[in-house]
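This report concerns the nonpolar cores and a helix pair of one protein model. Please consult the sequence and structure shown here.

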Amino acid sequence: MADLDAAVSDCFACPRLVRWREEVARTRRAAFRDQEYWGRPVPGFGVPDARIAILGLAPAAHGGNRTGRIFTGDRSGDVLFAALHRAGLANQPTSVAADDGLTLRDLRVFSAVRCAPPDNKPTPGERDTCAPWLHREVALIRPTLRVVVALGAFAWASWWPVLRQVYGVRPPSPRPAFGHGAHWSGTGAPELLGCYHVSQQNTFTGRLTPEMLDDVFAQAKQSAGVD
Ligand code: SF4
């Protein structure tokens, strides 16, 4: 896993995203002007024998792209890791910097696209170019992985190619629609749970509440056999 993390951190395959991640790192947000941005692809985070995985969309320009750790240093991460701490899957409720002491239990967190995209919108071509990184990471945790929580429709859609590439399982047709609380299970592959993304758009408006997140992670733990 360490080799994979190092390799993805050194990827330059998407010209538009490479330009964007480096430009953001150069110009910086005023509040972080004195910080050195990561400005590179953001690897997954968590244990290599995870029974639960959380699949997000892509790193945030001033979150993961700044700190070098997924969902770290932005409001989305604040909401996510507070919930994971309540669920007993994280040792602390905050995730502010790569060296803040955060550790996860039975959990790996990663994104479908590993570089911060403009407007949080990767192109279909960028999604497909980045997919092998996700597939390689899932292949590594496959022996223990039981449940995947997809945060948002993009992550949900990114899971189906994993079934074929990593598990040799034909994706369901038609594909089950994404929704909060959506659920898919099939033989020979982890269970898939849908959860609204922890974006500010959802959490500030009350579309996604802490209680809703608690319910999803309780279900994930139960399905994965995590205490
Ligand atoms: S998005 Fe993925 S494939 Fe594209 S440059 Fe970043 S790490 Fe590489």
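## Main nonpolar core

The model is predicted. Its largest nonpolar core comprises 31 residues. Within this core, the residues with the most contacts are Ile 54, Leu 84, Val 149 and Phe 217. Two or more core residues are given by each of the strands β2 (52-56), β3 (107-111), β4 (147-151) and β6 (191-195), and likewise by the helices α4 (75-86) and α8 (210-224). The largest share, 5 residues, belongs to α8.

Leaving aside residues up to four places away in sequence, Ile 54 touches Leu 80, Leu 84, Leu 107, Arg 108, Val 109, Phe 110, Val 149, Leu 151 and Phe 217.

## Second core

A separate core of 23 residues is also present. Its members include Leu 145, Trp 156, Tyr 167 and Val 169. In soluble globular proteins, nonpolar side chains tend to be buried together.

## Packing of α4 against α8

The axes of α4 and α8 lie 10 Å apart, and the two helices pack at an angle of about 50°. Because this angle falls between 35 and 65 degrees, α4 and α8 are oblique to each other. Their crossing is right-handed.

From α4, the contact involves Val 79, Leu 80, Ala 83, Leu 84 and Arg 86; from α8, Pro 210, Leu 213, Asp 214 and Phe 217 take part. Classified by residue type, the contact has 7 nonpolar and 2 charged residues, with no polar ones.

Technical notes. Residues numbered from 1 in each chain as written. Predicted model: local features only at pLDDT ≥ 70, side-chain atom pairs only at ≥ 80, totals over all residues. Heavy atoms only, no water. Core = buried A, V, L, I, M, F, W, Y, C linked by side-chain atoms within 4.5 Å. Buried < 20%, exposed > 50% of the residue type's maximum accessible area, 1.4 Å probe, protein only. Helix = DSSP H or I, 4+ residues; strand = E, 2+ residues; numbered from the N terminus. Contact = heavy atoms within 4.5 Å. Axes fitted to C-alpha atoms, helices over the stretch in contact; angles between N-to-C directions. Parallel < 35°, antiparallel > 145°, perpendicular 65-115°, else oblique. Left-handed = near helix turned anticlockwise from the far one by under 90°. Nonpolar A, V, L, I, M, F, W, Y, C, P; charged D, E, K, R; others polar.
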